[in-house]
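Colleague: I am new to this structure and would be grateful for a close look at one part of it. Please take me through that part and its surroundings in a connected account.

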Amino acid sequence: KEVNLLDETSNQIKLKVKQRKGKILIAEDNQTNALLISLLLQKRGLTCKVVQNGKEALNEALKNDYDIILMDINMPIMDGLSAIKKLKEKSYSKPIVTLSANVIKSDIEKYKKAGASYSLHKPIDEEELENVLDMFLNNKQSITFEKFKSHFELLDDESLLIESIYEVFVKNSIIFWSDISGISSFKSLI
């Protein structure tokens with residue numbers, strides 16, 4: 001589903017955005033930026049929670065389930081880089097996307113080394129935001145070649161191989177179909 005964001009009577013080009021499902025944590029100390037980011041995500045159908053520093057982001061991310069964290073780098077109390085490092089120390093595995101005006105190559109490398117999944121620069125470009133959402137929200141059920149390979153390369157026993165194939169394909173398919181159809185009886189097959 002797409003939403004038309006411009007008045008039909010205007011002569012401007014119509015901008016359409018994909019409607020999505022997901023829960024996003026926004027760590028941003030600037031209230032204007034936080035509001036803008038929230039509006040960009042909400043018009044795409046996403047649920048947002050805003051926190052104002054890295055310490056709050058750390059606590060919130062560990063307490064609740066978010067699909068993506070959008071993390072400002074320069075914040076009071078605890079900066080975004082420190083929060084990312086602490087999340088990774090606690091084995092946090094969901095995508096963390098940095099938000100910063102500091103986007104020179106060495107900064108981005110520093111963010112990735114800390115554990116960031118991707119970096120968006122401020123001001124946020126809506127097309128780039130769409131790409132990030134596509135990258136991290138639409139592929140929840142996809143199995144990459146590397147993930148596929150890692151499930152099978154260490155197996156010597158044929159029965160373990162069959163069990164692993166079942167685990168990867170059958171169970172994930174049942175979960176996928178029950179999630180999109182809303183039929184809970186599929187999950188009883190697992």
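Modeller: A residue is called exposed when its relative accessible area is over 50%, buried when it is under 20%, and partly exposed in between, using a 1.4 Å probe and protein chains only. The model is predicted, with local features requiring pLDDT of at least 70 and side-chain atom pairs 80 or more, while totals for chains, interfaces and linings use all residues. Numbering starts from 1 along each chain as its sequence is written, and side-chain values rest on heavy atoms, without hydrogens or water.

Let us begin with helix α4, which spans residues 105-114; helices (H or I, at least four residues) and strands (E, at least two) are DSSP runs numbered from the N terminus. Its buried residues are Asp107, Tyr111 and Ala114. Viewed down the axis of α4, these fall within an arc of 65° (taken from the directions from the helix axis to the C-beta atoms), so they line one face of the helix. The face turned away from that buried side carries Lys105, Lys112 and Lys113, which are exposed. Among the elements covering the buried residues of α4 are α3 (80-89), β6 (96-100) and β7 (118-121), where contact means heavy atoms within 4.5 Å. After α4 comes Gly115, with a positive phi near 125°.

Of these covering elements, α3 also packs against helix α2 (residues 54-63), at an angle of about 25° and with the axes 8 Å apart. That angle makes the two helices roughly parallel, a description used for angles under 35 degrees. The axes are lines fitted to C-alpha atoms over the stretch in contact, and angles between N-to-C directions run from 0 to 180 degrees. On the α2 side, Gly54, Leu58, Ala61 and Leu62 meet Ala83, Lys86 and Leu87 of α3.

Ile77 counts as exposed because its relative accessibility is 71%. In the loop between α3 and β6 lies Ser91, also a residue other than glycine, with a positive phi near 65°. Ser91 counts as exposed because its relative accessibility is 63%. Most residues other than glycine have a negative phi, and most peptide bonds are trans.

The loop between β7 and α5 (126-137) contains Pro123. The peptide bond from Lys122 to Pro123 is cis, with omega near -5°.

Methods:
Parallel < 35°, antiparallel > 145°, perpendicular 65-115°, else oblique.
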